[in-house]
Every structure is written in structure tokens, then in C-alpha cells.
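Welcome! Take a moment to look over the sequence and the 3D view, then follow this short tour.

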Amino acid sequence: MSGPKISNLEFDCPKAPPREVAASYYDARAEEYDQFYTGEGSFEDIKSEIMADHKAISAMIESFALGSLLDVACGTSYYSQTYSKGASSVTGVDISRRMLSESRKRHLALGVKSSLIRADSFMLPLAAGKFDRCFIGFLLSHLSDEDIVALIKAISPLMKADGKIAIVDSAWTEMRSRQSRKRSSYQTRTLDDGREFSVFKRYFTLDELNSLMKCAGYSRTREFSGQLFLSTVCSPSAD
């Protein structure tokens, strides 16, 4: 199996498409999605960088995880093998049925006790003040600035007063520019079976990401930036 082949269109796209478009893409990609984490298929040429970044991020997430944890747009729940070590309960939410199916398989294999819910991340059917921690992996890079701030503000009421949010996403780095990526664009992604999807994708610096979190009322406490990925852990701002 090979991973999705990626090509950028010739224009920058400052605004993301409707969320249903991304949902249909991730439904189609669910069974092959973990190649992105394991450096298989078309990701083999950057496997060492992928694994190095994931190792550093996993160490951050393991120390971050505590109590009741909400995984927003959980996908295949790759990082559950890390955060489940510290979390007493896990709630995973995704709009993709097939991603949730893959997540369920992983949780069963790991023995993770979890609740998996199909829902829009902007309208989560969950009780207020329930969660100690929130994990958001590789969702924000498909959203506009406005939607990112709106998403964090929608999640905030679900968190306990001192609840923290960890974000893992795609970094804008010298290596990305050498890959001829654009900072913000539609990418044509081809799956193993030949189907093509036009997907909005953007890349962040830590300063850019933390600036958006500040607009949503959160301040950084820990951060990491590697060759491909970055992570930031944020707490509610004091002011």
C-alpha cells in the first residue's frame, strides 16, 4: 500500500471549504491513514523525520494526559497509545464513521476504555465542565483562522476550570518548503484506489498557532517544533 500522493494547486487558499468535504475524504482514507504516522507508503522517504517528531510529541502528550480526556477529531486515535497511560477516561469524537471504526479497533487492541461519538467538532453533545484535558490532532490545519478560534471557544465550556488543551499539527519549516508545499492551499490527494480529493491544508509556526490560541483565551505552557510537526500545550489565560 502507498500513502496519498499530494500535489498543490497553483493558488493559495485563505479559507477552508465546508467541513463535510473533509469528512468525506477522511471516510475514504481511514484504513490507510496510519501510514502518515508510521512513515509507510509514500511517506517512506521521510520516515526518520516522522518518527523523530512523533517520539518527541508522544513524550509531551504522555506527561500532559490526566483525568478525563477529550480527543477532538480523534481519527484513528493514534496518540491514544500515549495519552491513555495517564487518562482515567477517554472520549473520542469524529465526524467520520470510518475513522471512528479504526479508532475503536485501536482502543480494543490497547484495552482503552472509551466512549466514541460521531459528531461535528463545533457542536459537541457533551456536558459542560467535564474534561481535565483536550487533545486536538491534525484538525486545525484544515481550518481558517476564524474557525480555529471558534472551535477552541466551543470546546472551552466543556473543560474544567483548569483544563488544558494540547494541539498537534503540521509545522511550516525549511523541510516543508523544500517539499514545494504552500503555506495555505488546496492539495489534490490521491488514495491507494486512485480516488482523488481536493483538501484544504495549511502549515503553522508555533508563534502563529499560539497567537490563535491566545485569541481563544489560552496561553502556551509547553511546546515543541520538529522538522514536520509541532505541538503546543495551553492553559486558560489568567486575564
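Which residues is Thr76 in contact with, leaving aside its neighbours within four places in sequence? Contact here means heavy atoms within 4.5 Å. By that rule, Thr76 is in contact with Ala30, Tyr33, Asp34, Tyr37, Met99, Glu102, Ser103 and Arg106.

Before going further, a word on the model. This is a predicted model, in which local features need pLDDT of at least 70 and side-chain atom pairs count only at pLDDT 80 or more, while totals for chains, interfaces and linings use all residues. Residues are numbered from 1 along each chain as its sequence is written, and side-chain values use heavy atoms, with hydrogens and water left out.

## The whole protein

The protein has eight helices and 10 strands. Both kinds of element are DSSP runs numbered from the N terminus: helices (H or I) have at least four residues and strands (E) at least two. Along the principal axes, the C-alpha atoms fill a box of roughly 45 × 40 × 35 Å. A compact globule of 239 residues would have a radius of gyration near 18 Å, and the 17 Å of this protein agrees with that. This radius is taken over C-alpha atoms, and the globule rule is 2.2 Å times the number of residues to the power 0.38.

Of the 239 residues, 56% are buried. A residue is called buried under 20% relative accessible area, exposed over 50%, and partly exposed in between (1.4 Å probe, protein chains only). The protein exposes about 10700 Å², and carbon and sulfur atoms supply 50% of this area. Among contacts with a separation of 6 or more, 69% join residues 24 or more positions apart.

Helix H3 covers residues 47–64, which makes 18 residues. From its first C-alpha to its last, H3 reaches 25 Å, close to the 26 Å expected at 1.5 Å a residue. The expected span is 1.5 Å times one less than the number of residues. The buried residues of H3 are Glu49, Ile50, Asp53, His54, Ile57, Ser58, Met60, Ile61 and Phe64. They cover an arc of only 165° around the axis, so they lie on the same side of H3. The arc is that of the directions from the helix axis to the C-beta atoms. On the other side of H3, Ser48 and Lys55 are exposed.

Helix H6 (residues 145–155) has Ile148, Val149, Leu151, Ile152 and Ile155 as its buried residues. Their arc is only 160° around the axis, which puts them on the same side of H6. Among the elements covering these residues are E2, E6, E8 and H8.

## The nonpolar cores

In soluble globular proteins, nonpolar side chains tend to be buried together. A nonpolar core is a set of buried Ala, Val, Leu, Ile, Met, Phe, Trp, Tyr and Cys residues joined through side-chain atoms within 4.5 Å. The largest such core here has 35 residues, of which Tyr79, Tyr83, Phe135 and Phe138 touch the most other members. Elements giving two or more residues to this core include helix H1 (19–29), H3 and strand E3 (87–94). The largest share, five residues, comes from H3. Apart from this core lies another, of 33 residues, among them Val93, Met159, Phe204 and Tyr218.

Leaving aside neighbours within four places in sequence, Tyr79 is in contact with Tyr37, His54, Ile57, Ser58, Phe135, Phe138 and Val168.

## Back to the loops

Thr76 lies in the loop between strand E2 (67–72) and helix H4 (80–83). Ala73 and Ser77 are found in the loop between E2 and H4 as well. Here are some loop residues and how accessible they are.

| Residue | Relative accessible area | State |
|---|---|---|
| Thr76 | 2% | buried |
| Ser121 | 9% | buried |
| Ala73 | 17% | buried |
| Ser77 | 1% | buried |

Ser121, in the loop between strand E4 (114–118) and E5, touches Val72, Ala73, Leu139 and Leu151, not counting residues up to four places away in sequence.

Asp34 belongs to the loop between H1 and H2. Leaving aside neighbours within four places in sequence, Asp34 is in contact with Thr76 and Arg106.

Note on methods:
Areas by Shrake-Rupley, 256 points an atom, 1.4 Å probe, with all protein chains shown as cover.
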